[in-house]
Amino acid sequence: MKYLTSILLSALLLVTNAMAEPTKKVLIIASNKVDMGDPEKHDARNNLWEFAPPYHVFVSHGFEVDFVSPKGGNVEFMMDPLGISSYTIKYEGFLEKANNSFSPTQIDPNDYWGVFIGGGYGVMFDVADNKAIHSIISRIYESHGIVGVGGHGSAGIANVTLSNGQFLVKGKKVASFPNSTETSKSWAKQGTLLPFLIESQLNENGAIAQNKQTLKDKHAVITDQRIISTMFLPSAALVAKEMIMLNKFKSSTSTNFGKEL
């Protein structure tokens, strides 16, 4: 009887501790933009294939996911919901979460172990210069959190500064779209509609931009300290998985892990 009581008390203690220390969540940053503001209304929506698969990976590993956008509320996506994107929309509440995104003032960075930014051109127009979102990213990172980006999502971290005044990306390899692609495609009128070119902006702020001109495999996922990135949309889900693996490793090692900024 004493043995059974001991087991029950131990189980109750575990449950109580779990309730007292909830698992931190993952924050996904999306854009509110629909077009680039030009007369032809070039598409600037979020790329579904760079948001839905990572969301699925996080959720399927047991993590709660929140969305934040510059204005909060609805965010729009381009690309058809195929494969895992269709699955996560139908069964995992992807659109319900995305279309009820929080505004930056509603976010407590302490609630999150990681932050992910997907692609689509919109992030270049309303996230890349949003100081409130930058503050969220830097606070998560400086609390030893992990930052993941896919495709044009790297524009969302290119200008983020840390508390010491240095750019988050300084000295780190970050995958991104190359200037040569932006200036040769019609997506943004050969780049003329863009506020900046990501490769140039990253390098200007001290990063070592990685792309198909520097990588042997354009699908590659690059990990440098606690920034995980890819330039090619099929690998966005791999970024999410690498984030989870790094978080697990970080949690299982010394509390001093990742204190470099």
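Mentor: The account below begins with the chain, turns to the salt bridges and ends with a pocket.

The model before you is predicted. Its chain folds into 10 helices and 10 strands. Of the 261 residues in the chain, 49% are buried. The chain exposes about 12400 Å², and carbon and sulfur atoms supply 56% of that area. Consider also the contacts between residues at least 6 apart in sequence: 75% of these join residues at least 24 apart.

We now come to the part you asked about. Side chains of opposite charge can pair when their charged atoms come close. In this chain, the count of salt bridges comes to 5. Four residues, Lys-25, Glu-64, Asp-66 and Lys-97, are linked in a network of such bridges. Let us follow this network pair by pair.

Begin with Asp-66 and Lys-25, which form a salt bridge whose closest N and O atoms are 2.7 Å apart. Asp-66 belongs to strand E3 (residues 65–68) and Lys-25 to strand E1 (residues 25–29), so their pairing ties together parts that are 41 residues apart in sequence. Are these two residues buried or exposed? A residue is called buried when its relative accessible area is under 20%. Asp-66 has a relative accessible area of 4% and is therefore buried. Lys-25, at 17% relative accessibility, also counts as buried.

Lys-97 forms a salt bridge with Asp-66, and here the closest N and O atoms are 3.3 Å apart. Because Lys-97 lies in helix H4 and Asp-66 in strand E3, this pair ties together parts that are 31 residues apart in sequence.

Lys-97 in turn forms a salt bridge with Glu-64, with the closest N and O atoms 3.7 Å apart. This pair also links distant parts of the chain: Lys-97 is in helix H4 (residues 94–98), whereas Glu-64 is in the loop between helix H2 (52–60) and E3, and the two are 33 residues apart.

Elsewhere in the chain, Glu-142 lies in helix H6 (residues 131–142). Glu-142 is partly exposed, its relative accessible area being 22%. Between Glu-142 and Ser-163 the C-alpha to C-alpha distance is 8.3 Å, although the two are 21 residues apart in sequence.

Finally, look at the largest pocket, which has a volume of about 400 Å³. It is lined by 19 residues, and those closest to its centre are Asn-47, His-152, Phe-177, Trp-187 and Leu-233. The lining divides into 9 nonpolar, 5 polar and 5 charged residues.

Definitions and conventions
Residues are numbered from 1 along each chain as its sequence is written. This is a predicted model: local features need pLDDT of at least 70, side-chain atom pairs count only at pLDDT 80 or more; totals for chains, interfaces and linings use all residues. Side-chain values use heavy atoms; hydrogens and water are left out. On a 1 Å grid over the protein atoms alone, a cavity is a set of points where a 1.4 Å probe fits but cannot get out, and a pocket is an open set with protein on both sides within 12 Å along at least five of seven lines; lining residues have an atom within 4 Å of a point. Grid points are joined across faces, edges and corners, and a volume is the space filled by probe spheres set on the points. Ala, Val, Leu, Ile, Met, Phe, Trp, Tyr, Cys and Pro count as nonpolar, Asp, Glu, Lys and Arg as charged, and the others, Gly among them, as polar. A salt bridge is a side-chain nitrogen of Lys or Arg within 4 Å of a carboxyl oxygen of Asp or Glu. Helices (H or I, at least four residues) and strands (E, at least two) are DSSP runs, numbered from the N terminus. Buried means under 20% relative accessible area, exposed over 50%, partly exposed in between (1.4 Å probe, protein chains only). Contact means heavy atoms within 4.5 Å. Accessible areas come from the Shrake-Rupley method with a 1.4 Å probe; for residues, only the protein chains shown count as cover.
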